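Look first at where the two chains meet, then at one residue inside a chain. The paragraphs below take these in that order.

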Amino acid sequence: MHKKSIKSDIIRSMIMLLIISGGITIAVMTFLVYRQMDNQKIHDIQALSTEKSNTIKIFLDRSSDIVEHLNNNPLITDWALNPNQQNTESALSLFNTINIKNRYSAIYILDKTGQAIISTDPTFLNNNYSFRPYFKNAIAGQSNMDIAVGVTSLEQGYYFASPINYGQDTVGVLVVKLSPGTLYKMLSDAVQDTNSHVMLTDQYGVILYSDLKEREFSSLGQLGQDTLLKIQAEKKYLNFDIKSLQYDKAQRLLTNQAKLEPMVYRFFDFDDQENEIISVSPIQNYPLFLVNEDSAWELSAGAINLALITSLLIILSTLSLLLFISIIITKRLKPMELLTKMVKKIGQGNLSVRNEVKSGDELEHLGDFIEETAHRLKSSYSNLEHQVEERTVEISKKNEYLDKTKTAIINILEDVEIEKNKTAESADNLRKFKLALDSSSDHILITDPEGIVIYGNKMVEVLTGYSLAETVGKKAGTLWSYPMSQDYYAKLWNTIKTEKKPLLSTLKNRRKDGQEYEASVSIAPVLDDKNEIKYFIGIERDITHEKMVDRAKTEFVSLASHQLRTPLSSVNWYAEMLLAGDGGKLNKEQAGFVQEIYAGNQRMVELVNSLLNVSRLELGTFAVEPEPTNIVEIAQSVIKELQPSIIAKSLKLTFNYDKNTPIIQADPKLIRIIFQNLLSNSVKYTSEKGLVSLTINNDKKNLLIEVTDNGYGIPKKEQYRIFEKLFRAENVRAMDTEGTGLGLYIVKSIIKHAGGQISFKSAENKGTSFKLSIPLSGMKKKEGDKKIE
Amino acid sequence: MITKEIKPTVLVVEDERSLLEAIEIKLSKNGFNVLKARTAAEAYALLKSSNTVDAVWLDHYLLGTGDGLDIVAKLKNDKKYKTTPIFIVSNTAGTDKITSYINLGVSKYYIKSNNRLDTIIQDIQGSLKK
């Protein structure tokens with residue numbers, strides 16, 4: 001279908017084009033040819049006219065020449081001057097000789113007056129022809145020719161006149177009269193068997209001859225009145241009535257003619273109802289015009305023929321062209337068929353098409369392209385299928401996931417509902433908490449991570465005397481605390497902010513009204529789940545009273561100990577002096593008694609000392625002053641102190657220590673107390689000849705001290721009480737050994753403070769081994785009222 | 001062997017009578033000349049009146065106004081007694097007090113009940129030899 005469409009489309013277009021162009025061509029051709037033919041015809045007519053008029057001229061020239069020739073004869077002058085019989089005979093003889101075949105109707109001489117004096121036609125004699133223009137012109141000296149109808153003959157005559165001159169004068173006129181019959185026959189013959197008409201007119205436009213007889217003595221067009229009068233006066237055509245024909249233009253041309261060339265123009269002849277070509281040609285030197293009338297139609301017949309032939313040719317060539325094109329198109333569109341088939345196959349789903357077009361041109365290229373595209377499509381389809389598969393799997397997975405998510409969300413929503421309830425509960429709790437906070441008897445402040453107060457409870461106001469309005473927004477404590485040292489604040493911030501640990505401290509405060517009080521302060525950071533500080537909570541308690549009590553206690557203990565010690569000192573010294581013999585020599589018994597007094601007193605002193613230490617430990621008022629301490633030296637010193645007892649009991653004391661035992665930061669007094677208590681215990685609670693060993697070692701972190709003996713040991717069931725204040729195990733009490741029961745408590749307290757550990761192993765009657773460790777980092781400095789002794 | 005030299009003088013400032021006497025006896029037995037005072041005022045009077053005081057045995061708490069610290073301060077400000085060794089023998093063990101005494105420049109501080117008379121006297125003798 002399409003093939004035909006394209007083809008028929010093209011052909012249709014071609015036909016249209018060719019029709020149009022053909023039509024235009026034909027029209028133009030016709031016109032041009034017509035024109036050309038016309039022009040040619042006109043040209044031909046012109047040429048013909050010229051030729052004809054030339055012929056006429058030559059014809060007439062013959063007569064002119066005869067006249068001149070005759071006139072050249074000098075005798076003519078004689079004869080004109082003297083027209084006697086003799087001359088007349090001579091003249092006539094000459095004239096007749098000349099007039100071969102009687103061409104001329106008459107040859108005659110007119111005298112000066114216009115009278116015919118000699119004439120071959122005797123009828124002319126003695127007639128006066130002075131009215132004739134030919135005579136007027138000739139007598140004026142001009143050879144000329146004129147046409148008129150003869151008065152006698154009543155026929156047209158062509159009068160050739162030549163002036164007869166005698167010297168300067170013109171004495172007569174020689175005239176030759178020609179009958180135009182021959183001429184007219186000539187003209188008639190020319191147009192015989194043609195569609196043309198001919199007319200020979202005079203200088204006025206009066207038709208002298210026409211092949212259409214009726215035209216004789218009509219004028220071409222309307223003559224002017226003066227012209228008609230002139231003709232009349234000349235008696236040119238006698239009294240013939242001169243009708244005018246329709247050839248006005250010819251008439252005008254004639255009248256206005258300046259050229260000697262024939263003038264041709266187209267003319268619609270109303271009479272004949274046809275287009276005509278009129279040519280008007282002057283006859284040179286003669287007052288004559290040749291007018292030809294040709295039918296134009298006839299002229300263009302040739303043109304039409306030509307046009308028809310041309311058209312035919314064009315049509316033929318068009319048809320053959322169309323045929324040719326049709327063939328080509330058919331041939332060229334064959335690939336289209338193949339391509340259509342190809343695309344159809346693709347449309348049906350066959351993407352593995354092959355291009356069968358091998359025309360080597362754009363269509364083959366197109367075919368290749370379609371093939372390629374189809375193949376690409378095929379692969380991308382398979383890709384697509386594959387992708388769709390994958391996607392489908394993905395989607396179903398996603399759907400699963402979405403289902404799970406939906407379930408999860410539903411669960412969450414349920415949880416949220418629960419949480420909401422919890423939150424309501426929490427809010428309630430919060431209210432309760434706030435209530436608790438507010439009604440707490442402790443001053444509680446909550447600050448931001450920079451220490452700016454964001455909340456305070458009622459107690460803050462009560463304790464500090466500052467209102468919450470005054471407190472909130474300010475840095476905590478700035479209102480009521482006494483400024484501490486830079487060091488103190490640095491340590492404070494370091495603990496709570498950097499190390500994020502709670503700080504316990506005692507501060508001196510001053511209420512708004514100026515009253516001073518002591519407060520125990522605890523500042524604890526509150527961390528969020530990112531371990532960043534959210535708030536600080538500061539709790540202060542007015543411990544003024546406590547402190548006072550403490551101080552009172554301490555004072556009391558001090559005082560008590562002082563009071564107790566005075567009499568003890570007294571007894572000590574007096575007993576000492578007695579024993580030293582300062583009061584006189586004592587007998588053995590007396591010395592013994594005094595020794596008992598002294599010993600008992602010593603125990604009291606020891607007890608009092610221990611009690612004092614314990615009270616300081618309890619009150620936390622003991623001081624620790626660490627300094628670089630040589631543990632080994634102190635141990636050695638203590639051993640030296642105990643030498644008397646060691647020797648007295650013949651004990652074997654071994655001291656093993658690491659030579660590279662480091663010097664540690666410790667309070668030597670406290671270290672001394674440790675050694676004193678442990679070693680004196682071992683010495684005290686080991687029987688004679690027993691073993692006591694002291695070992696000092698260290699590992700990377702700690703100092704390791706071991707005190708071992710093979711003494712009485714600690715009964716198993718009492719071991720748990722051994723570090724208790726004033727506790728003495730039953731076995732040693734039964735043995736009346738001295739002891740305060742405070743030593744181990746003190747040692748443990750000191751060790752604990754040093755950050756160390758103490759432990760022991762013991763079996764009754766087997767021995768005891770105390771192990772303790774003190775961190776090599778040593779003891780921390782502690783401010784205190786009193787030293788442990 | 002005690003040579004016939006001038007006996008060193010010790011000023012003992014102690015408020016307890018019994019203790020004061022015990023100290024005096026023991027010091028005398030050891031060849032010391034003893035000046036006794038129970039109050040700061042008495043101490044100052046004795047210091048003023050006596051020619052030499054070679055050492056001072058000083059308790060902290062005293063009768064009347066003034067305590068051991070005041071006396072030490074006074075002694076240290078006195079051209080005459082600036083360098084005199086001072087031994088504090090007291091039953092008070094307040095760390096601050098001990099530190100104060102040591103800062104003021106006392107030679108030694110003893111807890112009365114922890115020390116024997118002869119030990120203390122030995123130390124005094126030791127310090128005087130220097």
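A salt bridge is a side-chain nitrogen of Lys or Arg within 4 Å of a carboxyl oxygen of Asp or Glu. By this rule, the interface of chain B and chain A has one salt bridge. It joins the side chains of Asp582(A) and Lys26(B), at 2.4 Å from N to O.

This is a predicted model, in which local features need pLDDT of at least 70 and side-chain atom pairs count only at pLDDT 80 or more, while totals for chains, interfaces and linings use all residues. Residues are numbered from 1 along each chain as its sequence is written, chains are lettered from A and ligands numbered from 1 in the order in which they are written, and side-chain values use heavy atoms, with hydrogens and water left out.

The contact (heavy atoms within 4.5 Å) takes 27 residues from chain B and 23 residues from chain A. Asn91(B), Thr95(B) and Ser113(B) supply 27% of the area that chain B buries against chain A, more than any other three residues. Buried area here is the accessible area (1.4 Å probe) that two parts lose on being put together, summed over both. Between chain B and chain A this area is about 2100 Å², and carbon and sulfur atoms give 55% of it.

Now turn to chain A.
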